Amino acid sequence: QRNSNPKQYQQKGNNNPNNRPGQSSNQVQNNQQKGSSIQSNMTDSKRNQLDVMTHLTQRSNKVFVKANEKAKELKNTFVDSEHLLYGLLSDSQVFKLLTELKVQPQLVEQELAKIYKKESNQNPPQISPRIKQIIEKSLVVARKLRYEFISPEHILLALYEEGEGIGARILVNLGLTKEDIN
């Protein structure tokens with residue numbers, strides 16, 4: 001029970017009314033120092049990644065949710081470019097763009113189905129380094145086009161430009177060019 005009479009604290013040698021009974025001024029000071037000097041374990045790299053992720057539109061967030069769900073369904077350790085391409089197909093504007101470019105989204109899904117690898121990971125999938133690069137590149141693409149936020153179209157272009165992942169190779173194999181996507 002806390003006694004609200006400051007004189008009683010003083011009588012017990014506790015001369016600070018903010019101290020708890022039985023707690024010395026030094027203990028309170030140490031606790032205050034600890035609280036004010038809490039250091040974040042977050043690295044600059046992680047802070048940067050979070051900053052980039054705050055630039056996603058709602059549509060882009062949905063793309064990443066779908067990509068994550070697919071990686072989780074396959075019990076994959078990482079969300080990679082094939083999952084991202086799958087997520088992009090769920091966006092109506094990307095779906096429409098691919099259709100206009102004479103690339104059937106169903107064909108993309110068939111190509112993806114051929115290469116999916118099932119794993120036995122029980123933990124939530126992590127974002128692969130390749131996806132981190134694609135996200136960062138998509139922000140650059142968005143900014144070049146004078147947009148503040150990353151839309152799925154920017155992600156599609158960055159995925160294509162990355163060039164090495166499965167997602168990019170499928171787009172190339174289906175005959176897409178950078179000019180088509182631009």
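Helix axes are lines fitted to C-alpha atoms over the stretch in contact, and angles run from 0 to 180 degrees between N-to-C directions. The helices themselves are DSSP runs (H or I, at least four residues), numbered from the N terminus. The model is predicted, so local features need pLDDT of at least 70 and side-chain atom pairs pLDDT 80 or more, while totals for chains, interfaces and linings use all residues. Residues are numbered from 1 along each chain as its sequence is written, and side-chain values use heavy atoms, leaving out hydrogens and water.

α5 and α10 pack with their axes 6 Å apart, at an angle of about 60 degrees. That angle makes α5 oblique to α10, the class for angles that are not under 35 (roughly parallel), over 145 (roughly antiparallel) or 65 to 115 degrees (roughly perpendicular). Ser81, Glu82 and Leu85 of α5 meet Ile166, Gly167, Ile170 and Leu171 of α10, where contact means heavy atoms within 4.5 Å.

In α7, Pro105, Val108 and Leu112 are buried. The buried residues of α7 pack against α5, α6 and α10. The face turned away from this buried side carries Ala113 and Lys114, which are exposed.

Terms used. Helices (H or I, at least four residues) and strands (E, at least two) are DSSP runs, numbered from the N terminus. Buried means under 20% relative accessible area, exposed over 50%, partly exposed in between (1.4 Å probe, protein chains only).
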